[in-house]
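Please study each task before reading its solution.

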Amino acid sequence: MFKSQGEDELTPFDMSIQCIKSVYTNKIISSDHDLLAVVFYGTKKDKNSVNFKNIYVLQELDNPGAKRVQELDKFKGQQGQKHFQDLIGYGCDYSLSEVLWVCANLFSDVQFKMSHKRIMLFTNEDDPHGNDSAKASRARTKAGDLRDTGIFLDLMHLKKRGGFDISLFYRDIISMAEDEDLGVHFKESSKLGDLLRKVLAKETKKRVLSRLKLKLNEDIALTVGIYNMVQKALKPHPVRLYRETNEPVRTKTRTFNVNTGSLLLPSDTMRSQTYGSRQIVLEKEETEQLKRFDEPGLILIGFKPLIMLKKHHFLRPSLFVYPEESLINGSSTLFNALLTKCLEKEVMAVCRYTPRQNIPPYFVALIPQEEELDDQKFQVTPPGFQLVFLPYADDKRKVPITEKVMANPEQVDKMKAIVQKLRFKYRSDNFENPVLQQHFRNLEALALDLMEPEPAVDLTLPKVEAMDKRLGCLVDEFKELVYPPDYNPEEKVLKRKQGDEGSRSKKPKVELSEEELKAYVSKGTLGKLTVPMLKEVCREYGLKGGLKKQELLDTLTKHFQD
């Protein structure tokens with residue numbers, strides 16, 4: 001674990017520590033209620049609740065925090081390896097069954113119920129008990145006990161000379177239940193990025209948004225799970241604290257009568273809706289009844305060719321549909337048959353989708369999606385259906401059609417050449433929100449007492465120099481073809497001077513005679529004239545009336561009364 005495969009490569013130990021630290025920092029941001037622990041085995045010193053030899057519990061199961069991250073940071077690099085050797089030591093024999101026992105005890109010490117339990121083994125040793133069949137047998141037995149108690153065991157195997165052979169020992173140890181259906185078997189990790197992706201895929205719980213029935217007709221139905229694949233990431237809301245104790249404060253909302261100031265109960269209030277100029281008053285039960293349309297679920301309407309789905313039909317990010325066996329047995333078989341046929345026929349399933357009670361139904365299309373794996377045998381795209389929200393007729397808007405200015409073939413060809421030069425491989429997960437990243441790095445720097453936050457790289461900024469180098473003279477040639485000779489995109493539009501023809505044309509025309517103005521003054525209706533008109537009258541009569549309307553009125557009134 002402490003020897004790298006090359007001069008510029010990280011040691012497996014350093015790679016593991018950096019990966020664990022990254023998980024900690026991500027958890028602090030995304031789900032700080034999760035519990036994590038770090039256990040070293042094969043150590044010279046031991047520290048665990050069962051007093052097993054060569055097993056050192058560095059951190060008990062607890063919420064991730066700044067102090068824990070700082071403690072892990074001490075083990076990074078060459079200095080970190082020396083610190084580890086001095087503090088804990090390594091290179092001793094161990095029993096993997098005892099390691100699993102210690103990890104299971106960490107879970108048992110937690111007093112509340114956990115949604116899922118997972119042990120990740122970071123190792124580059126593919127046959128730890130090759131010379132001791134008894135230890136290997138006990139490890140297999142203990143791993144089976146963990147599976148029975150709902151604890152998943154995952155292998156984060158790292159690169160070693162000669163390759164990591166999972167069949168020697170770990171095939172019988174790790175929990176493959178989740179991946180067997182998908183046919184996913186990870187390769188060994190030689191880079192930190194590969195290891196991070198592997199850990200992220202395992203540690204992120206696949207939480208289902210809802211479990212619903214997909215009704216093909218009145219007699220045939222299957223159970224599916226709805227997953228949210230894309231959700232806008234936002235800054236966490238600030239928590240209000242009491243100034244003196246820094247304890248969180250709670251807010252309560254109460255309703256009072258405007259006239260008497262008395263406290264109103266929920267039963268004392270009603271809801272209303274304005275229809276035309278009339279206010280329609282509704283009871284609470286009536287408003288709830290109006291919201292009830294149908295039982296939650298998906299109802300098949302029919303099938304349509306995929307080519308009929310247009311880009312402007314996508315109202316919001318799609319959801320993902322995957323089979324569930326929780327309510328109806330055989331749902332996976334029927335789902336796979338439906339998916340296979342939709343892929344073969346290149347059709348989509350149009351459905352009525354009611355996510356839950358009191359929610360109006362949506363008009364949706366189920367788009368078939370085939371499974372894709374990358375070079376590391378990591379699942380890039382899962383098999384299933386993308387649930388696309390379709391617009392109703394009421395949602396569509398007509399855009400005013402303007403006259404098109406047609407480009408000639410030479411201009412079109414030149415723009416094609418520009419587009420071809422600026423093509424690049426795009427993946428949405430390669431671009432992080434720079435504002436969010438800088439915000440969290442600032443928080444991280446404050447929590448970890450860093451001198452200054454690590455600057456976030458804004459990947460959304462165009463690489464101007466590289467683009468100019470690629471395009472060469474194409475941009476200038478395109479400008480010559482499309483724009484006039486004196487065109488300059490950076491030239492600012494000059495403001496018109498006050499004395500030019502344009503500004504004079506905007507001045508109000510005052511076509512009032514002196515008698516009419518005197519009549520306005522005598523009747524006291526001079527204030528009906530606008531400020532620009534009053535200013536123009538003052539200018540014509542050579543009066544200095546000031547800037548405010550009242551000053552202008554006083555000046556004109558005094559002039560015509562005299």
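**Exercise 1.** Determine whether Arg 539 is buried or exposed, and state which residue forms a salt bridge with Arg 539.

*Solution.* Step 1: Arg 539 has a relative accessibility of 52% and therefore counts as exposed (buried means under 20% relative accessible area, exposed over 50%, partly exposed in between, with a 1.4 Å probe and protein chains only). Step 2: the partner is Glu 536, with the closest N and O atoms 2.5 Å apart; a salt bridge is a side-chain nitrogen of Lys or Arg within 4 Å of a carboxyl oxygen of Asp or Glu. Step 3: Glu 536 is buried, at 11%. Step 4: both residues belong to helix H16 (residues 531–540) and stand three residues apart, about one turn; helices (H or I, at least four residues) are DSSP runs, numbered from the N terminus.

This is a predicted model, in which local features need pLDDT of at least 70, side-chain atom pairs count only at pLDDT 80 or more, and totals for chains, interfaces and linings use all residues. Residues are numbered from 1 along each chain as its sequence is written, and side-chain values use heavy atoms, leaving out hydrogens and water.

**Exercise 2.** Identify the salt-bridge partner of Glu 344 and describe the accessibility of Glu 344.

*Solution.* Step 1: Glu 344 pairs with Lys 341, the closest N and O atoms being 3.3 Å apart. Step 2: the two are three residues apart in helix H9, so about one helical turn separates them. Step 3: Glu 344 is exposed at 53%, while Lys 341 is partly exposed at 48%.
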